[in-house]
Amino acid sequence: MTWLEVTRQGPAAGAALLAASLLLRAAALALGRLPRSRSGESVKRAGAVLRRLAPGLLAAACVGLFGAVVARAVVVERIPLAGQYELALSVAAMLAAASLAALLTGAARPLSTASALLALTALLYARQVPQTPLPTPPVQQNPLLLALHGGTGAAALCASSIAAVAAVLLLRRGAATATSQRATGLERVADRAALAAFLLLSLVLLLGSWWALETWGYYWDWDAKECAALAAWLVYAAYLHVRPRQPHVDRRAAVAIVLAWLVLLLTYAGNLFFTGLHSYA
Amino acid sequence: MPREVLSVGRGLAARRGTRLRQAWRLRYRLTPLTSSRSAMLQLSLLAAVLVAAALIPQSSAETGLAATDPASWSEAQRRTFGGAYPLMRALSLFDIRDALWFKLLLGSAAGAALLHLLSRPVRPSTDAPSPQAFRHMQPRYSISWAAEPTAVVPALAALLRRRGYAVRYSRSGSSPVVVAEAGRLGSLAAPAAHLGLVIVLTGAWIGSAVSFRDTGLYAPEGRVTAVGHGTGLLIKVVDVSVTSYPQADVLSGVTTTVDLLEGGRPVRMAARISVNKPLVYKGVRLLQMDAGPAVLLSVSDGAGRAPHLVAAPLTRRDDLDRAAGDVELSTGRLTAAVVTVPRGAAGAGDAALSLRLPDGTQLAGTASAGRPAVLGGVRVALVREMQFSRLQVSYQPEAPFVWLGGVLVVAGIALSYLVRPRRIGLQISSVDGGSTLTAVRLSGTVHLSDLHRLLDSGQTPEDGR
């Protein structure tokens, strides 16, 4: 199998494995909910087997996706973090890894399911955008800053997605936990992931301004993507001021996390309708 | 927070006279502006403005028509936004950067951050909690031991120190008190982030006054060109190299080799400028934009006197897709439009000239290598074709300060993420030959159940003794 084939087959295999893992978990859940009279020992055993298989499939999906990222790097001869397709692929791989980590630690299983679903969505999006690697324009010929700026950007989107998923789950539960002594697992995940996203987004902006000065001659150019990224950063800053008593995440804080994620999505996918200096990103 | 500010402020004011007291009062009155709610409001407003700036084309983003042809750019926006255009224009939504309301919003955010920074107590109160605090502060936790307080206190302190707490002894009424603090570095997180924000905004504000940027420095090969903008710098382009990807007709790189001169003396020889690798000298950045064809013209009067060379960069394409450009001739302030005929076409190597006289009259002619054109008393001969390099001159002395501010913001956030300040007070009371420990959380997220676990984790005060 050539590297080019891995770049083509890896994402498809990863998506199939992710979907299979989700189906297995759903089946195991359904078996577990069968009435006691109808669920004999054999059904219980089947449910247990399915539950054990799910992490294996998820791990295989991670291998497929990270393999596709590496293969893409070999084919395009640079860090594969330029353009919508490559970023979507990297984010999908990171989300799949986060889903696996959540599943293995067992701390927040709904989060694992939601992360896997988000990874699948990212892969479906990747299928819709042009995949053919284009020659690297002179502006992107800076391997260090491409890796740092693009890498932190992908990681910020991944952390932001995890925080948003946890926040949505908290909102569904009512998020009325701020009065209790201890934060729930989901609250901790939402808070830490949001902080990580904020930190990473700060680095994205800093590194981006450094790169912009080296390439475009100005560290801040009022480019559409720059503005949207700073808007997402500001919403996260608002979140820091709105959360009642960390790491508790109340309703307002959860809404702020989801808003920040939406603005970050706009930053990422805005290339579909933005014009400006980041048109190739 | 307001309680601490008030107590610190009053204490200092009492010692330092009326003027200072008034200053402290003013500061206290302004404190509500630094509340989390007003910060949230300001940040949300700024975020909404920036989303608008992302969705509405900004004339200050120096790309496309906005920079080269502002009238056409405005017309394009009028067509896109239709009836909403006049209102959007009135609200400066196409140029948010320079809008007064945006500057006020930014200024208020910077002011609030600065105020928050100044209104924080210089150091946290070191007073032990009062006996009332132990009675009223919630949540609190009590645990009893058989040992006397004199034995419990050092054992408890040793236990807390092992857990990374800094321990101070005090008294509250007649009972000994242990105040334990951990993660004190974490209290610097918010000030660092706010200071960083103030530095970023101040740097950007100063930068808007002193920085400049010029994307149109056309430097023909072999010629000396002034960098301008009062820099006193000259560049001589030694070589222009343009490379493309072999399979696709796509640019892979542009490199210009220049000699940089200051006051007529060379300061950098054969320096290479390419995209991503600017030449930086005394804060002035020369960045590679693009390159293209140019023609070198010899211009003299009609009789061939006072000849001098003029390089004309051909920066645009004419209606027939030929390279074309405009140049101002020093002889009689004439503007010449030059069009070259591409190789392979009839008259290849010729340059079609169109001279515009000061009265608006246009004269046309053709010049080639050995055949000059004489138009309106000006003799123009084509010397040779060459390359020009388009460079950008940029001066942003504030950038390091903005980055320093940005690093402080990141450090502040990281600190708040990694180090959480915790402060607890432990009052040890003597009860029937034994001790009762009452613990209260003074700040941070210390869960008193954690303290219980700490004390029950095999290290009781008796063991510690």
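These legends accompany close-up views of a predicted model.

**View 1. Helix 7 of chain A, seen along its length.** Helix 7 of chain A runs over residues 224–242, 19 residues in total. From first C-alpha to last it reaches 27 Å, close to the 27 Å expected at 1.5 Å a residue. Of those 19 residues, 16 are buried, so helix 7 of chain A is largely enclosed by the rest of the structure.

**View 2. The contact between chain A and chain B.** Here, 52 residues from chain A meet 60 residues from chain B. Together the two chains bury about 4,600 Å², with 65% of that area on carbon and sulfur atoms. Three residues to look for are Tyr219(A), Trp222(A) and His241(A): they supply 16% of the area that chain A buries against chain B, more than any other three residues.

**View 3. A salt bridge across the interface.** The side chain of Glu214(A) pairs with that of Arg285(B) in a salt bridge, at 2.8 Å from N to O. The count of salt bridges between chain A and chain B is 2. The interface also holds 15 residue pairs in polar contact, with both residues at pLDDT 80 or more.

**View 4. The side of chain A that touches chain B.** Which elements give two or more residues to this side? They are helix 6 (185–215), helix 7 and helix 8 (251–269) of chain A. Helix 6 of chain A gives the most, with 15 residues. Sorted by class, this side of chain A has 32 nonpolar, 12 polar and 8 charged residues.

Methods. Residues are numbered from 1 along each chain as its sequence is written. Chains are lettered from A and ligands numbered from 1 in the order in which they are written. This is a predicted model: local features need pLDDT of at least 70, side-chain atom pairs count only at pLDDT 80 or more; totals for chains, interfaces and linings use all residues. Side-chain values use heavy atoms; hydrogens and water are left out. Helices (H or I, at least four residues) and strands (E, at least two) are DSSP runs, numbered from the N terminus. The expected span of a helix is 1.5 Å times one less than its number of residues. Buried means under 20% relative accessible area, exposed over 50%, partly exposed in between (1.4 Å probe, protein chains only). Contact means heavy atoms within 4.5 Å. Buried area is the accessible area (1.4 Å probe) that two parts lose on being put together, summed over both. A salt bridge is a side-chain nitrogen of Lys or Arg within 4 Å of a carboxyl oxygen of Asp or Glu. A polar contact is a pair of N or O atoms within 3.5 Å; within protein, one must be able to donate a hydrogen and the other to accept it, and residues adjacent in sequence count only if both atoms are side-chain atoms. Ala, Val, Leu, Ile, Met, Phe, Trp, Tyr, Cys and Pro count as nonpolar, Asp, Glu, Lys and Arg as charged, and the others, Gly among them, as polar.
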